[in-house]
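Dear colleague,

Please find below the structure that I am handing over to you, together with its sequence.

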Amino acid sequence: MSEPLSSEQQDEVLAAITERLVFELPAGWNYIQVVYAAVGEDVSFSGLLRMVNGAMYGWQPPDDVRESFAALRQGMAHPERGTWFDAIYRLEYPDRYSIFYNRTTAPPNFVEFPSPEAHRRELELFPRSEEHIPDWLREGAARES
């Protein structure tokens with residue numbers, strides 16, 4: 001596990017994500033929701049874009065934004081509590097954002113739920129004390145491949 005990010009460093013990553021998205025978003029956008037979910041090395045990453053005329057579209061954020069979320073997840077890991085499983089990032093025009101981190105429930109944003117290997121890998125990458133291992137993660141890691 002690498003050095004944890006301070007609150008200020010976390011804010012810097014989120015500011016960089018915001019700046020990158022604002023640069024990439026098409027003209028006429030007014031809201032985007034980006035979801036990054038991970039169990040082990042299985043990752044789901046997608047965006048939902050709303051335009052000023054109310055139209056909504058699926059939108060794939062740039063790969064470097066996905067990498068920034070991965071770095072944020074790694075940097076927010078705690079030796080006893082692990083890290084979050086999914087983050088829901090919301091950006092309103094022009095640059096006001098909010099973010100929600102889920103540290104306990106199974107991420108719902110996978111087309112195909114992660115394998116038992118991914119569950120085991122999660123516990124290797126982000127160890128947790130027993131009281132901080134959610135039942136779904138423990139059960140998934142115990143399943144046969």
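In what follows, a residue is called buried under 20% relative accessible area, exposed over 50%, and partly exposed in between (1.4 Å probe, protein chains only). The model is predicted, so that local features need pLDDT of at least 70 and side-chain atom pairs count only at pLDDT 80 or more, while totals for chains, interfaces and linings use all residues. Residues are numbered from 1 along each chain as its sequence is written, and side-chain values use heavy atoms, with hydrogens and water left out.

Helices (H or I, at least four residues) and strands (E, at least two) are DSSP runs, numbered from the N terminus. Two strands pair if DSSP finds at least two bridges between them.

The sheet

Five strands make up an open, antiparallel sheet, ordered E3-E2-E1-E4-E5. Strands E3 (56–59) and E5 (96–102) are at the edges; each has a single partner strand, so one side of each has no neighbour in the sheet.

Strand E4 (residues 86–92) is mostly covered, with five of its seven residues buried. Seven bridges connect E4 with E5 in the antiparallel sense, and a hairpin of three residues joins the two. Within this pairing, Asp-86 has Asn-102 as its bridge partner, and Ala-87 has Tyr-101. E4 also pairs with strand E1 (residues 29–39), again antiparallel and over seven bridges; there, Val-34 stands opposite Tyr-89.

The salt bridges

A salt bridge is counted when a side-chain nitrogen of Lys or Arg lies within 4 Å of a carboxyl oxygen of Asp or Glu. The whole structure contains 10 of them.

Glu-122 and Arg-73 form a salt bridge with their closest N and O atoms 2.6 Å apart. This pair links helix H3 to helix H2, across 49 residues. Glu-122 counts as buried because its relative accessibility is 0%, and Arg-73 is likewise buried at 3%.

Arg-20 and Asp-64 meet at 2.7 Å, N to O. Arg-20 belongs to helix H1 (residues 7–24) and Asp-64 to helix H2 (residues 63–75), 44 residues apart. Arg-20 is partly exposed at 25% relative accessibility, as is Asp-64 at 33%.

Glu-41 and Arg-121 meet at 3.2 Å, N to O. Glu-41 lies in the loop between E1 and strand E2 (42–51), and Arg-121 in helix H3 (residues 116–125), 80 residues apart. Glu-41 is exposed at 55%, whereas Arg-121 is partly exposed at 29%.

Yours sincerely
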